[in-house]
Amino acid sequence: MAYTDQEKIALEKSQPRIVAIWQALQPLKTCISFMNSGAHPDDETSAMMACLNYQHGLDLSYACANRGEGGQNDIGIQSEQSLGTLRTAEMERASQALNMRLYWLSESPTDDIFDFGFSKSGEETLGRWGAERTLQRFVEIIRQEKPDILCTTFLDVVGQHGHHRAMTQAAQKVMSLAADANYACKDLPPWQVSKLYLPGWSGAGQAYDDATPPPPAHITVAGKGYDPITGWSYERLGQQSRAYHRTQGMGHWIAAGQERDWPLHMAQGFVDNAEATLLSGLAVKLTDFKAPQIQQHLDSAQASIDRCIAAFPQTSEMLEHASHALQAIQTCLKHCPSQSTADLEHRLTRKGQQ
């Protein structure tokens with residue numbers, strides 16, 4: 001698509017280069033990936049995800065069950081599949097704003113994993129979606145994405161939307177299924193998610209009325225901070241993403257002082273000292289992986305990444321260090337030992353892309 005000069009100027013003005021570079025640097029901070037899961041477009045925990053990406057550098061993804069065909073439409077008369085098409089596009093733009101990969105359990109307009117309207121029961125929802133296929137799709141997504149952490153947006157409690165409850169039930173089951181070598185799923189190798197978190201906040205309000213309080217928090221994502229380059233709060237960055245959900249009337253101005261922290265309850269953990277912090281027990285940097293055949297290249301890549309981040313905003317220095325890092329990562333990928341492939345290769349590939 002060709003842009004006019006005026007369009008090019010407007011696009012450049014909408015994203016200053018210094019901001020784009022700063023935001024591109026943040027995912028270089030860690031090797032850790034974080035998947036949020038929900039039932040509908042707009043179920044993602046946008047402000048928390050903005051904080052995790054733009055402050056902590058976590059690699060983000062979102063697993064969404066359906067296309068939101070049963071939701072409201074604040075901007076037109078489209079409904080059902082037509083509304084689902086609109087909400088799919090909205091979710092894609094919202095994900096881009098958070099630098100977040102997007103996965104759908106629902107694969108087509110006629111898919112049984114459909115937003116059939118309000119439900120109070122997770123069991124009813126899974127019955128209509130097809131429990132086995134819902135789990136199989138979720139396992140497929142987990143094995144493709146290979147997240148270290150999975151976090152649901154809602155709790156499985158009386159009074160909550162049945163679609164939300166179904167996805168929370170599925171998340172708790174998918175932890176073992178995705179890691180089970182005997183569970184066949186498109187020949188994808190098993191993957192063990194290291195931690196499953198549930199929200200430590202209530203989902204009550206507006207249409208929902210959680211009957212029980214949230215579980216105790218083990219850790220808290222401090223979401224009240226501000227991005228040092230833009231000056232925007234992480235809440236505002238989250239709302240910049242949510243504003244793309246126009247059919248649902250999303251996007252609200254969060255005044256200074258109204259930002260939130262995000263308490264999380266760890267429901268399952270498969271690493272040592274899992275409850276201490278969000279990242280405890282996980283390999284944070286390339287140097288945390290032990291692969292003797294390529295260790296010197298891992299160390300070199302990480303050192304160059306650290307220098308690249310430290311060189312901001314000197315772009316020529318950043319480019320030099322980033323180039324050295326990429327060269328070392330490509331060498332690691334070429335000689336990655338087979339015993340390290342499952343845990344390391346996909347991280348190296350993503351780090352090279354970043």
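This tour visits the salt bridges of a predicted model, pair by pair. Residues are numbered from 1 along each chain as its sequence is written. Because the model is predicted, local features need pLDDT of at least 70 and side-chain atom pairs count only at pLDDT 80 or more, while totals for chains, interfaces and linings use all residues, and side-chain values use heavy atoms, with hydrogens and water left out.

Select R165 and D156 next, whose side chains meet in a salt bridge at 2.7 Å, N to O. R165 is buried at 13% relative accessibility, whereas D156 is partly exposed at 29% (buried means under 20% relative accessible area, exposed over 50%, partly exposed in between, with a 1.4 Å probe and protein chains only).

Move on to E235 and R260, where the closest N and O atoms of the salt bridge are 2.6 Å apart. E235 lies in helix α8 (residues 234–242) and R260 in the loop between α8 and β7 (262–269), so the pair ties together parts that are 25 residues apart in sequence; helices (H or I, at least four residues) and strands (E, at least two) are DSSP runs, numbered from the N terminus. E235 is buried at 1% relative accessibility, and R260 is partly exposed at 39%.

Then select D343 and R347, which form a salt bridge at 3.0 Å, N to O, and which both lie in helix α11 (residues 341–353), four residues apart, about one turn of the helix. Here D343 is partly exposed at 34% and R347 is buried at 7%.

Terms used: A salt bridge is a side-chain nitrogen of Lys or Arg within 4 Å of a carboxyl oxygen of Asp or Glu.
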